[in-house]
Every structure is written in C-alpha cells, then in structure tokens.
Amino acid sequence: MTSVGERLVQELANRGIEVVFGIPGVHTVELYRGLGGSPIRHVTSRHEQGAGFMADGYARALGSSKSGSESASAADGPRPGVAFVITGPGVTNILTAMAQARAEGSPMLVISSVNQSTSLGRGLGFLHELPNQHALVSTVALASYQVRSGDDLLPAIAEAFDQFAQGRAGPVHIEVPMDVLGLPFVSVGTPPPRYIPRISFDLAAVVAQLERAQAPLILAGGGAKRCNVTLKALAERLDAPVILTINARGLMHDHPLTVPASPSLDSVRELIAASDCVLALGTELGQTDYDLNCDLGTPLMAGLIRIDICPDQLARHPAALKICGQVETALPALIAALGQRVKNCNGTVRATAARTAAWHEIGPDMRLQGTLLATLRETFPTAIFVGDSTQPVYAGNLYYDHDRPGGWFNSASGFGTLGFAIPAAIGAALAQPDTRVICLIGDGGAQFTLPELMVAVDEALPVLFLVWNNAGYGEINSAMLAAGVAVVGCNPTPPMFSYLAKACGMPFAKCAMTIQSFAAALSDLAHGSGPAMIEIDMEDAE
C-alpha cells in the first residue's frame with residue numbers, strides 16, 4: 001500500500017514538479033521512499049540554505065523566456081521550486097532562503113519532516129527538536145500546513161498550490177511528522193476545488209484616465225515579467241515611457257520607450273514627477289526600487305493606476321484606481337478596450353532623455369561595471385544573469401538593459417542575503433538546461449555558499465561563475481568610512497580562486513577589471529558546456 005510520504009511525492013509529480021532540492025536525513029527517509037520510482041529528479045545541495053536558494057533560482061528561471069511569451073495559463077500560476085529538508089536544523093537552515101523568496105515574491109514549496117506527532121510541544125529532548133517548528137516557520141512562510149494524518153495531505157497540497165495561483169507568490173511550508181510519513185495513505189476527504197483567478201474592474205474608468213493623459217508613464221515590476229508582448233503593445237498604444245524595476249529588467253529590450261533604470265535615480269524621478277498619469281504594473285513600489293537611498297524623495301505619482309495580484313500591496317499606497325488581479329490577465333482586456341488609435345505623447349523623447357541622464361548620473365565607476373555587463377550580454381545573448389549583493393549587481397540595478405524577460409534577478413533587490421547567487425544560478429540552470437547562466441558574486445558573498453559549486457560540477461551545468469574580488473566587503477567598508485566609523489571586520493581573506501576552481505575540476509581564468517581583459521577572459525571560456533569560473537581582480541585596472 002502507498003504510504004503518506006509516497007503519495008506526497010506522487011502529488012508533486014502530478015502537478016508538474018520535475019526537480020526537488022534537498023539533503024536526505026534519517027528524519028526524511030520515508031519521504032524519500034517515493035522518489036526512487038518517480039519522474040522527479042533529486043538534486044543534492046551541500047547545505048539546506050543552498051537547497052532553498054536553488055529552489056528560488058529554479059522558480060524564477062521557470063518564468064523566464066527569450067521572448068517573454070504570455071503562453072502560460074493564468075489559472076496555473078507560477079510553478080514553485082521545491083525543497084525537502086529534515087526536522088530542526090534543516091528547517092532553521094532554510095529559513096533565510098525562505099525569507100529571501102518572500103521578499104521577492106518567488107514561489108517556493110518547502111516540505112519538511114517534524115518529530116513524532118505524539119511528542120510535539122512536549123519538550124522530550126528528541127533529536128532535532130524545536131519548541132514549535134510549525135509556529136517558527138509560520139513567521140516567514142506565506143502559509144505553513146501540518147499533516148497529522150492521510151486526510152490532511154491532499155488538502156494541504158491543494159491549498160499550498162492555490163497560494164501560488166491566487167496571490168503574490170512566496171514560500172509555503174508543509175510539515176509531516178515522522179510517524180505519519182510512513183503510515184498507509186488512507187483518505188476519505190477530498191481536496192478543496194482549485195482556485196481559478198478572475199479579474200473584475202472598472203475598465204471604462206481606467207481607459208478614460210489613460211486617454212485623457214498628455215504625459216502617461218508605465219512602471220513595470222516583476223509581476224509583469226511574463227507580459228513582454230502585451231506590455232510593448234500597451235506602451236506603443238499610449239506612447240508612454242516604461243520604467244523597469246529590477247525584477248522587470250529584460251522586458252522591451254532596446255525599445256525606444258524603455259527606461260531600464262532605477263526609480264531611485266533623480267533623473268528617473270524627474271520623469272515620474274513630470275507625468276500626469278502613472279500606470280503601475282505588478283510593482284509593490286518598494287524601497288529597494290523607489291527609495292534606495294532612504295531619502296524619501298520618491299515623487300507623488302499623478303493619476304496613479306495600480307494593477308497588482310496582491311490586495312495587501314494595493315492597500316499600502318494610495319491610488320486613483322486599483323485593479324486586483326494578474327497583470328497578464330488585465331493587459332489584454334485593457335488593450336482591447338483602448339482600441340487602435342495611437343496617442344502622441346512625446347514618449348520616445350521623454351524616455352531617451354531619462355536614459356541619457358540616468359547613465360550620466362550613476363557615475364564613472366558604475367558606468368564601467370555597466371559596460372562590463374553589456375559586454376557579458378553581447379558575449380552570451382539571452383543568458384540568465386543571477387546576482388548577489390555585489391558591485392556589478394548594484395550597478396546593473398541602477399542601470400542595465402537585459403535582453404531576456406525574467407533573466408536578470410538578484411538578492412540585492414529585496415532581502416539582501418549574501419551567498420544567494422551561486423546556488424540560485426544552479427537552480428536557474430536546472431530550470432533552463434539549454435540556457436547559459438551567469439553567476440555574479442563578490443569574493444565575500446561567495447564564501448557563504450562555496451560548497452554548492454560542486455553541485456554545478458555533479459550536474460554538469462553551463463554556469464559561468466564570475467567572482468569580483470576586492471579582498472573583502474567593499475560596500476560595507478565604504479559605508480563605515482562614510483559614517484566616520486573605524487573599519488572593522490570588512491577584510492576576510494578570500495581563498496585562492498584558481499586553486500578552488502581546480503579542486504572543483506572546472507576551467508578558470510583571471511582578468512583585470514578592464515573591458516579588454518574581461519572580454520578576453522570571456523572569449524577563452526565562452527564555448528565550454530559545463531561550469532567555469534572567472535576571477536575579476538578589482539585592484540588591477542592595468
């Protein structure tokens with residue numbers, strides 16, 4: 001007879017899950033019983049935090065396409081990355097990755113064991129025991145479900161997947177006691193009906209406001225990343241510049257109406273302030289995009305219209321009109337209602353002026369990093385760039401036009417964890433096996449998750465690991481100096497990356513931080529099919 005653990009794995013396979021990340025343990029043996037004969041591929045991380053970051057990167061890359069096609073069914077919702085972890089330390093180790101996923105709206109399903117059901121909450125000194133694991137995870141996850149019998153399993157899975165379909169995505173947790181995992185699966189209950197997202201709004205009012213506008217503007221966030229085609233059609237119909245937040249980069253690449261620059265820049269804020277109608281699509285209007293310097297300088301947005309899947313997000317900012325629903329569902333209806341007449345609102349001139357001013361505003365150091373990113377993009381067209389909290393990522397978040405919707409994402413845009421990029425890039429490569437993945441990380445951040453490099457080797461993944469080496473935590477060093485604080489703790493000695501790459505059995509190159517040296521190193525490693533590493537010496541500018 002099928003056990004609860006085996007049925008759980010079957011349900012994941014039935015819902016299209018192809019890969020799970022994790023580390024098996026004695027507390028999850030019964031969960032792993034079902035994996036051997038299933039179509040699901042198990043990828044063994046070196047740490048549970050790495051498993052979580054891999055699941056995050058995997059989920060984000062599933063939503064990435066070269067064209068930004070809106071072919072996915074809105075009812076399906078985003079597919080989550082899935083991680084299996086053990087009771088206690090496995091759960092606490094993955095919490096940071098779950099917090100990162102929550103900050104970014106990345107769909108992640110964490111399935112854990114927990115101690116025997118008769119022991120929960122009693123403090124009996126069991127191995128891996130937490131006072132209340134379920135309550136702990138509930139503070140980070142969008143929802144946490146505890147399966148106490150076979151009857152609980154199918155409803156818990158159904159509700160977990162509905163979380164991904166009906167609102168802003170994030171981490172969801174299911175825990176199953178060890179003794180329940182091995183029980184025969186017997187259920188007399190039925191899962192609740194599947195949630196089908198619908199959208200209803202005052203279309204006439206939205207159309208009227210957009211038609212009246214003389215200087216309309218579009219803000220595109222991560223919730224619009226699957227809307228490349230319809231976003232372009234709407235922008236051209238309105239003749240409106242499109243400002244791309246960090247998670248929207250790659251939309252409308254190289255289009256004359258695109259402004260791939262941070263709304264925290266003064267030049268971009270001026271464009272917003274000069275607009276008489278702002279249409280915000282799938283953006284939470286968060287601090288890391290709109291007020292990065294915490295100077296409270298974000299301008300008031302005239303005639304703000306918001307479309308967002310999350311009612312809580314809509315409630316946080318005043319707007320003239322609010323539409324609660326998926327952007328990919330709303331845009332076709334809006335375009336059809338607007339009709340064929342194309343407005344003339346000087347959009348290209350306004351967008352060009354904002355791009356030019358923004359590129360100048362970021363300064364020479366960030367412009368150099370931006371040029372290196374452009375060189376990387378030209379060497380590896382339509383690659384997925386996965387970034388950590390490091391200088392080239394900061395530069396790209398300020399100004400960079402990627403060429404693949406959903407193909408630019410990093411930890412610096414939300415929770416800000418170090419060490420994210422290595423495992424997340426591995427997850428992305430598993431989600432898009434025919435795509436080159438570029439990992440952008442600093443020497444300090446790399447040391448958080450270096451062991452995960454061997455996962456890329458085990459799986460023979462086409463990930464190029466680029467390590468910007470300034471022998472320390474350069475950004476924190478600068479912040480201490482700017483605050484008049486003596487620099488302490490910012491100079492951890494980095495490993496010798498050439499030996500590290502050799503130990504992992506991957507090709508290696510080192511270059512100076514110049515365009516010529518960087519391009520040469522890329523050329524040397526451009527044609528390999530497996531993982532490789534390039535170290536960029538930030539102290540060597542030749």
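Me: What makes strand 17 and strand 18 a pair?

Reply: Two strands pair when at least two bridges are found between them. Five bridges join strand 17 to strand 18, so the pair meets the requirement of at least two. The two strands run parallel, and Ala 512 stands opposite Asp 537 in strand 18. Please keep in mind that this is a predicted model.

Me: How does the chain get from strand 17 to strand 18, and what is the handedness of that crossover?

Reply: The path leads through helix 22, residues 515-525, and this β-α-β crossover is right-handed. The label applies because, with the strands pointing away from the viewer, the path from the first strand over the helix to the second runs clockwise.

Me: Which residue of strand 18 does Asn 469 stand opposite, and how many bridges pair strand 16 with strand 18?

Reply: Asn 469 stands opposite Asp 537. Strand 16 and strand 18 pair over six bridges, in the parallel sense. Strand 18 itself, residues 532-537, is mostly covered, with five of its six residues buried.

Me: Why are strand 14 and strand 17 called edge strands?

Reply: The open sheet has six strands in the order 14-13-15-16-18-17, with parallel pairing. Strand 14 (408-410) and strand 17 (508-512) are its edge strands, as each pairs on one side only. From one strand to the next, the twist averages 20 degrees.

Me: What joins strand 13 to strand 14?

Reply: Three bridges do, in the parallel sense, with strand 13 covering residues 384-387. Phe 385 has Trp 408 in strand 14 as its bridge partner. Helix 16 (residues 391-398) packs on the sheet, touching strand 13, strand 14, strand 15 (437-442) and strand 16 (463-469). The direction of helix 16 makes about 125 degrees with that of strand 14.

Me: What makes helix 16 "mostly covered"?

Reply: Six of its eight residues are buried; among them are Pro 392, Val 393 and Leu 398. The buried residues of helix 16 pack against helix 15 (363-379) as well as strand 13, strand 14, strand 15 and strand 16.

Me: Back to Phe 385 and Trp 408: why is the ring pair called tilted?

Reply: Two values decide this one. The ring centres are 6.3 Å apart, and the limit for a pair is 6.5 Å, so the rings qualify. The planes stand at 50 degrees. Stacked needs under 30 degrees and edge-to-face over 60, so the pair is tilted. Phe 385 in strand 13 and Trp 408 in strand 14 are 23 residues apart, and the pair links distant parts of the chain. Both Phe 385 and Trp 408 are buried, and together with Tyr 400 they form one aromatic cluster.

Me: How do you know whether Thr 87 is buried or exposed?

Reply: Its relative accessible area is 1%, and buried means under 20%, so Thr 87 is buried. Thr 87 is found in the loop between strand 3 (81-85) and helix 4 (89-104).

Note on methods:
Residues are numbered from 1 along each chain as its sequence is written. This is a predicted model: local features need pLDDT of at least 70, side-chain atom pairs count only at pLDDT 80 or more; totals for chains, interfaces and linings use all residues. Side-chain values use heavy atoms; hydrogens and water are left out. Helices (H or I, at least four residues) and strands (E, at least two) are DSSP runs, numbered from the N terminus. Axes are lines fitted to C-alpha atoms, for helices over the stretch in contact, and angles run from 0 to 180 degrees between N-to-C directions. Contact means heavy atoms within 4.5 Å. Buried means under 20% relative accessible area, exposed over 50%, partly exposed in between (1.4 Å probe, protein chains only). Rings of Phe, Tyr and Trp (its six-membered ring) pair if their centres lie within 6.5 Å; planes under 30 degrees apart count as stacked, over 60 as edge-to-face and the rest as tilted.
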